[in-house]
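Thank you all for making time this morning.

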Amino acid sequence: MFQLGFIRFNSPLILVFRNLWTRWVRTLLTMTGIIVGVGAMVAVNTTNKSTIQAISSFFDEAAGRSDLIVETAVSGETFATDTINRVRRVPGILAVAPSIVGVTVPAAEAAQWEQQLSISGGAVPGTSFWLMGRDLEADTAVHEYNLSEGRLPTAAETSYNVVLVEDYAADKGIEVGEDFAILTPGAGAVNLRVIGLIAKEGIGITNDGVLGIANLAVVQELFNLTGEVNQLELVVDEDIAADTDRLEALRTELDDQLGTSLTVKRPASRGEAVANSLGTYQLGLNFFSVVSLFVGSFLIYNAFAMTIVERTREIGMFRAIGMTRRQIGVMVLLEAGMLGLFGSVIGVGFGLLLAQFLARIVSSFSGQTVEQVTAVPTDLAQAIAIGLAVTIVAAILPAIQAARVSPLQALRIQANLDEGRWQETGLRFGPLTIFATLLILYQVPLRPAVTFPVGSNAIFAMLLGATLCIPILTKPIERLLRPFILLLFGNEGRLGSSNINRAQGRTTLTVAALMVGISMVVGIEGMTLSFETDIMDWVDTALGGDLFVRSPLQMRPDVEARLLALPEVTAVTKSRYIATRLFSPDGEDEYAIFNAIDPATYLNVASIRVQDGPAPAELVQQLATGDAIWVGADVAQKYNLHVNDEVVLETRRGRRPFRIAAIVIDFAGGETTTVTGSWNDLRRYFGVTDVSTFLVRLAPAASLPAITDTIENDIGRNLNLIVESKQEFEDKMRTLSAQAFSLFDVLGLIGLVVGGLGVINTMLMNVLERTRELGGLRSLGMTRRQVRRMILAEAATIGVMGGLFGVAFGAVLADVFLVGLRAVGGFVLNLQTPYTAIAVSFVIALVLALAAALYPAWRASQVNIIQAIKNE
Amino acid sequence: MSVLEAKMVTKQYQMGEVTVQALAEVDFAVAKGDFVAVMGPSGSGKSTLLHLLGGLDEPTSGEITLAGRPISRLSDDEVTIVRRRKVGFIFQFFNLVPTLSAAENVALPLLIDGRNIKEEQQKIINLLEMVGLGERADHKPDQLSGGQQQRVAIARAFVNDPEIVLADEPTGNLDSKSGTAVLNLLRQFCRELQQTIVMVTHDPRAASFANKVVFLKDGNIIQELPIAHNDGHEEDIRAIMRVMRELEL
Ligand SMILES: Nc1ncnc2c1ncn2[C@@H]1O[C@H](COP(=O)(O)OP(=O)(O)OP(=O)(O)O)[C@@H](O)[C@H]1O
Ligand SMILES: [Mg+2]
């Protein structure tokens with residue numbers, strides 16, 4: 001019996017499937033575009049969310065069973081213990097656990113201590129040792145201590161007994177029963193007896209486990225804070241805790257009762273401030289991930305347009321035997337849909353892998369360890385939907401092109417598809433689009449809320465505009481390049497390089513894909529370089545000073561006189577950072593840092609770069625008068641502040657209004673809002689007189705190592721002074737910014753990969769399409785080697801063009817990024833030309849194009865002469 | 001009764017300033033069950049005529065009626081449906097879909113028409129057996145010889161029971177043995193199944209398989225010659241060659 005199962009299809013879908021399957025190289029290439037695009041999007045999204053998740057779960061875990069927390073409004077300050085009784089009397093409060101933290105360093109490490117910065121402007125957790133004093137009786141209701149060895153201090157303990165976190169103790173080689181010395185403000189180094197170890201979980205994760213827990217009274221004594229606490233953790237009646245509204249009502253009630261100097265928070269909300277400080281950064285990453293998807297869509301379009309060219313005869317035949325235009329179009333779109341779906345699903349997987357890697361980078365500089373990368377299923381579904389949609393949209397034009405194929409094409413020996421009028425369209429719309437987007441970006445004042453969406457869309461429009469400009473310029477550029485190509489590749493080079501004029505659309509999109517990849521790298525490098533240069537410039541001129549003198553503990557102001565007494569020191573000024581809250585006229589309020597400077601000496605050491613306001617001398621005078629601050633341009637932008645506006649700051653004496661005396665160029669706080677006021681106001685309103693940093697100016701001939709030694713070991717013997725040179729500080733800043741921007745580098749790299757894939761696709765297509773011609777050339781006596789050289793020459797021309805366009809567009813992009821940084825983050829930067837990046841990118845473009853063409857060139861050289869000329 | 005009728009059909013191509021007259025007011029009709037060969041020198045308009053008859057292209061003026069439908073006045077979608085259901089094409093370069101098997105290629109027109117292929121399986125097997133490829137149903141085009149590929153294309157052309165099958169140089173790309181096989185097949189379809197065929201060819205021997213030869217020159221039909229099929233092909237071929245000499249073709 002004759003086998004009846006030979007027809008395996010019953011719908012046009014089979015045509016689609018067979019096509020994808022048989023032309024698997026193309027399928028794979030197209031899919032890679034989708035995978036990389038969707039992957040970048042998922043990776044960035046997941047990393048961002050996981051970071052936020054890690055931050056909030058960190059605060060959750062450390063909070064134990066507490067539902068509410070009482071802290072000073074100016075965070076990190078202390079308040080009197082009698083508040084405990086006031087809180088206890090409030091109905092619904094079941095337990096109150098007080099605590100106090102003494103920030104210090106182990107005595108053994110005092111000399112090596114270094115201030116670590118994080119991108120959010122705060123200190124990196126684990127840099128200092130936290131000695132936490134707790135009421136261990138009250139604690140039973142709030143925290144569970146997972147004791148692995150020894151015992152906990154009792155509530156009545158008066159000896160200097162401490163419990164350490166297991167991992168930390170192991171790291172330092174400390175065992176139960178041994179002594180552990182820390183620095184204290186009053187008594188210098190003090191020995192604590194280690195009586196137990198707890199696991200690094202729950203409260204043990206605080207400060208990354210660099211933590212000791214002692215009885216409350218002991219810590220109060222050691223840090224001269226008798227009768228003071230930092231924080232109260234409250235456990236609330238279960239019914240109230242379970243009901244968000246009632247909990248919030250209780251929180252507000254307590255908050256009102258305790259006055260403005262104290263605030264009552266939910267534990268989770270403490271994480272929000274940290275998360276917010278990463279906002280601009282995450283926005284930037286999101287933008288780049290979308291760019292990757294955009295470049296991916298170029299590749300998809302290119303691949304589809306090419307399959308249409310390749311299948312013109314076949315499509316013509318379909319039309320001849322009765323397929324309608326609609327059916328043809330639907331078939332192409334179905335193919336796109338299928339590829340889009342598969343590609344997006346794989347892209348999600350790739351994205352999750354990439355996220356693991358990105359999360360590690362984020363952990364390295366954000367001060368927040370992101371251990372677990374968690375993805376939200378709806379986000380992944382959304383990513384797949386977006387990937388699918390982008391693929392289908394990218395295939396619409398090719399689908400229309402396919403539907404337009406005349407049935408007569410089936411009868412031609414050499415099918416030729418009308419490539420469209422690229423050059424004409426380019427001339428008409430290219431420069432216009434670029435001009436219009438530049439106008440929008442630079443001339444139209446945008447409200448902050450729409451800046452990011454409008455700005456990023458304008459950049460996309462500009463990308464399109466630049467793409468449209470490519471076909472106008474390929475011919476003249478090719479002509480200019482020809483001598484070089486001839487030099488490199490000989491006569492085969494001439495053949496190869498002129499080939500790029502044959503399929504204009506294809507050349508255009510390949511150059512465009514390369515352009516986007518290169519321009520991303522150049523743009524990112526331009527932005528990074530500008531950022532670094534301006535920060536260094538600021539460190540140099542504004543921050544001033546040759547040395548920074550710090551201490552793990554705050555310093556007494558009289559150190560200033562002792563520093564000044566040194567012959568090599570010509571000037572000294574002091575500054576103190578303190579946490580506060582800022583309330584802007586627009587009603588926003590956020591965590592901020594009040595940086596107090598000494599108006600009398602500040603200009604002796606540092607300078608000020610005023611953007612708007614009086615001259616520096618006058619400005620410090622105004623600060624000396626009091627109730628005035630200056631803010632950085634970033635802060636002014638963020639809160640829409642102008643000179644003479646008033647903002648309110650939370651102080652120990654309640655909320656006080658401060659006048660904005662000037663807007664200056666200032667990078668002091670990183671992404672954390674920083675305001676600068678006077679030493680007097682610090683004393684008056686915050687009741688603080690100790691010093692965070694002394695800025696020291698040295699005589700020109702002073703020897704750095706000698707003076708460092710004098711300060712650290714003579715003056716600083718008992719004060720634990722640490723000297724950091726400006727050079728060291730600069731290096732630290734440079735490393736930090738390099739780390740922060742390394743994520744963008746990854747995304748730039750992705751852009752390059754997509755560009756490379758575009759070249760492979762195009763060259764392979766060119767080879768397949770010209771099999772017959774290649775066979776002809778071979779039969780005329782062209783060697784395999786010559787064929788390879790010809791193909792490589794073609795790729796080299798495309799590579800150089802991609803490099804040229806990429807560098808040109810990248811320069812524009814870098815400038816646009818700076819405008820964006822100013823609009824979104826408020827950083828005012830001057831554009832620096834990244835010459836190295838430009839040169840390297842250019843070489844990368846060329847090498848990438850050549851590498852991508854290796855396989856197609858090999859395929860071309862393998863063409864079988866007989867088959868090629870027989871090949872219909 | 002004619003299946004296909006062309007009246008006063010003119011086709012002009014505009015090549016910049018120059019107008020090329022490919023067909024000049026041609027009248028042409030094909031009766032049901034007829035097998036017509038179209039001959040003429042290169043550039044005489046043979047392919048153009050065939051394209052117009054099959055609705056692949058539109059005439060500059062004149063009217064074409066196929067199976068009672070005025071295809072020169074229909075929309076593109078309507079003409080496409082006519083092609084799909086009433087016309088079969090055989091191309092010089094076979095034009096099989098390389099990703100589909102022989103059987104699948106044959107089934108393609110039905111597939112496009114949204115028909116249930118399961119119900120048509122027997123027909124496809126029969127057709128493949130008729131063209132002598134019953135054993136090759138599962139083969140891909142690149143696993144078939146040129147002659148075999150063209151026979152698959154013939155099966156495909158007849159699968160939708162067309163009113164007319166149009167073939168442009170179906171043997172132009174084949175050796176003489178494969179060519180003869182293809183021509184015999186066409187003849188067989190015409191005789192046994194009363195199929196109507198119009199075939200363009202250069203080759204007097206190929207034309208001798210038809211019932212009638214139409215001669216084109218400079219876009220005009222200048223002569224028609226019925227084929228007797230009395231004394232075998234040789235006689236008919238001589239008759240065709242004689243006309244060609246007379247007409248200086
Ligand atoms: N698309 C076109 N554009 C311009 N002129 C055309 C086009 N197609 C055909 N012609 C012209 O029309 C005339 C008839 O062409 P056609 O292809 O019908 O000739 P033919 O008889 O099939 O020739 P051959 O035997 O070489 O295939 C020729 O002069 C040809 O140059
Ligand atoms: Mg012809």
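Let me begin with a question: is A:E560 buried or exposed? Before I answer, please keep in mind that what you are looking at is a predicted model. A:E560 is buried, because its relative accessible area is 10%, and a residue counts as buried when that value is under 20%.

If you follow the chain, you will find A:E560 in helix α17 of chain A, residues 559–564, and A:K574 in strand β14 of chain A, residues 569–583, so that the pair, 14 residues apart, links distant parts of the chain. A:K574 counts as buried as well, because its relative accessibility is 10%.

Over all chains, the count comes to 31 salt bridges, and I would like to show you a few others.

Still in chain A, please turn to A:R684 and A:D627, which form a salt bridge whose closest N and O atoms are 4.0 Å apart. Here A:R684 sits in helix α21, residues 679–686, while A:D627 sits in the loop between α19 and β17, and the two are 57 residues apart. A:R684 is partly exposed, with a relative accessible area of 38%, and A:D627 likewise counts as partly exposed, at 30% relative accessibility.

Moving to chain B, we find the side chains of B:K212 and B:E224 meeting in a salt bridge, at 3.6 Å from N to O. B:K212 lies in strand β9, residues 212–217, and B:E224 in strand β10, residues 220–226, so the pair ties together parts that are twelve residues apart in sequence. In this pair B:K212 is buried, with a relative accessible area of 18%, whereas B:E224 counts as partly exposed, at 42%. Elsewhere in chain B there is a network of salt bridges that links B:R84, B:R85, B:D113, B:R115 and B:E120.

Now let us look at where the two chains meet. How many residues does the contact take from each chain? It takes 38 residues from chain B and 32 residues from chain A. The area buried between the two chains is about 3,400 Å², and carbon and sulfur atoms give 64% of that area.

Seven residue pairs are found in polar contact across this interface, and the count of salt bridges between the chains is two. One of the residues involved in a salt bridge is A:R325, which pairs with B:D76, the closest N and O atoms being 3.2 Å apart. On the side of chain B that touches chain A, the elements giving two or more residues are α2 (76–86), α3 (102–112) and α4 (117–130), and α3 of chain B gives the most, with seven residues.

Note on methods:
Residues numbered from 1 in each chain as written. Chains lettered and ligands numbered in written order. Predicted model: local features only at pLDDT ≥ 70, side-chain atom pairs only at ≥ 80, totals over all residues. Heavy atoms only, no water. Contact = heavy atoms within 4.5 Å. Buried area = accessible area lost by both parts, 1.4 Å probe. Polar contact = N/O pair within 3.5 Å; in protein donor to acceptor, adjacent residues only side chain to side chain. Helix = DSSP H or I, 4+ residues; strand = E, 2+ residues; numbered from the N terminus. Buried < 20%, exposed > 50% of the residue type's maximum accessible area, 1.4 Å probe, protein only.
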